[in-house]
Amino acid sequence: MHLEIITPEKKLFEDEVKALTLPGTDGSLGILENHAPLISALKKGVVKVTDKTAAKHQFEIKGGVVEVLHNKVIVLAE
Amino acid sequence: MASLKEVRNRITSVSSTQQITNAMKMVSAAKLRRAQDAILRLRPYAEKLQEILGNLSTSAENAESGVYTAQREPKKVLMVVISSNRGLAGAFNANVMKEARKIVNTRYASQLAEGNVSWMSIGKKSGDIITKSQFNLLSSHNELFDGLSFEKVSLLAQRIMDGFVAKEFDRVEIVYNRFKNAAVQILTTEQFLPVPPPVASSEGTKSQSFDYIFEPDQQTIVEELIPKSLKTQLYKAILDSFAAEHGARMTAMNKATDNARELLKELRLTYNKARQASITNEILEIVGGAEALNG
């Protein structure tokens, strides 16, 4: 699936990924391929991304919102 | 006719001014590019945020009840004026203040009469004008422009929003110069708070609403997103004004450089004429002297 992490100041990340974990307001959210459409608020925490080559990336965010639709994940982070 | 020395002095002074204006033009051009880049980087974020908000409000019509959307009788008005910290940008700062005053005089005349219009300035220049006109300057934020970042702007936006929630003011307007291109700035007034009701209701029906899962729930997300969109709005306004400032300064300095060139041309002509006149005079004197000796 395709992941974009966008902040007001720049685009942090854009690539195909296998899985990611997000700090949802009600607890950690894991998102894999073919996830159902979802909009969720995020709290302060770390976004963990596993990309195609199984390499891991981490991004710290202060909160934000995520939208999942048709294997496209967009994280609006602060 | 001015003496040779005077003209020479003026030529030196004008050409050093020209160097300065030219350098300022270059600096502004570079800063303008950076400011434009920042606007471009913000755009995907702002668009996506609007899209998600749009998706949310089409499926829920309860967004009206939020604390930031409450429409109250505008008894107390806050004007946020975005200008620049430095001058030499043509009519950039004067224009934005003129616009702000016009709006207060036309739209909020009764509030003005009761002294219920307060001002907030972003940028030193508008702050100076507001203080001089003895308006009620609530606070000024000149430091925002040194290392402009979303974080700083969002702190300020938060303060304004808190003030709105605490009913310190019932309406907040932002006045700024929007960047169109380097030569053109569009004076813009936006209602910041309360959040104007979404106008894209007809458009919203066509955007198919997917069956989203909401975490934790729709209301919470809307409440979370509206402050974000407000912060983005203010940030965008400031970035726009920043780009417009440099555009305005670039144009102003370009004109100044051109004028200096024009002036230099004239001065050189005067100088050469004076020089020629003095040479002619000298020759006449020599010839006259020689003639006297011969005679």
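Into which domains is chain B divided? Chain B splits into domain 1 (4–24 + 253–294) and domain 2 (32–250), with bounds from an automatic or database domain assignment. This is a predicted model, in which local features need pLDDT of at least 70, side-chain atom pairs count only at pLDDT 80 or more, and totals for chains, interfaces and linings use all residues. Residues are numbered from 1 along each chain as its sequence is written, while chains are lettered from A and ligands numbered from 1 in the order in which they are written.

**Confidence**
- The model scores ipTM 0.82 and pTM 0.83.
- Chain B has a mean pLDDT (the predictor's confidence in each residue, from 0 to 100) of 85, and 91% of its residues reach 70 or more.
- Over residues 201–207 of chain B, pLDDT stays under 50.

**Domains and hairpin**
- The centres of domain 1 and domain 2 of chain B, taken over C-alpha atoms, are 53 Å apart.
- Strand 4 (residues 171–181) and strand 5 (residues 184–193) of chain B pair in the antiparallel sense over 9 bridges; pairing takes at least two DSSP bridges.
- These two strands of chain B form a hairpin with 2 residues between them, and Asn181(B) stands opposite Val184(B).

How values were computed. Two residues are in contact if their C-beta atoms, placed from the backbone, lie within 7 Å. Helices (H or I, at least four residues) and strands (E, at least two) are DSSP runs, numbered from the N terminus.
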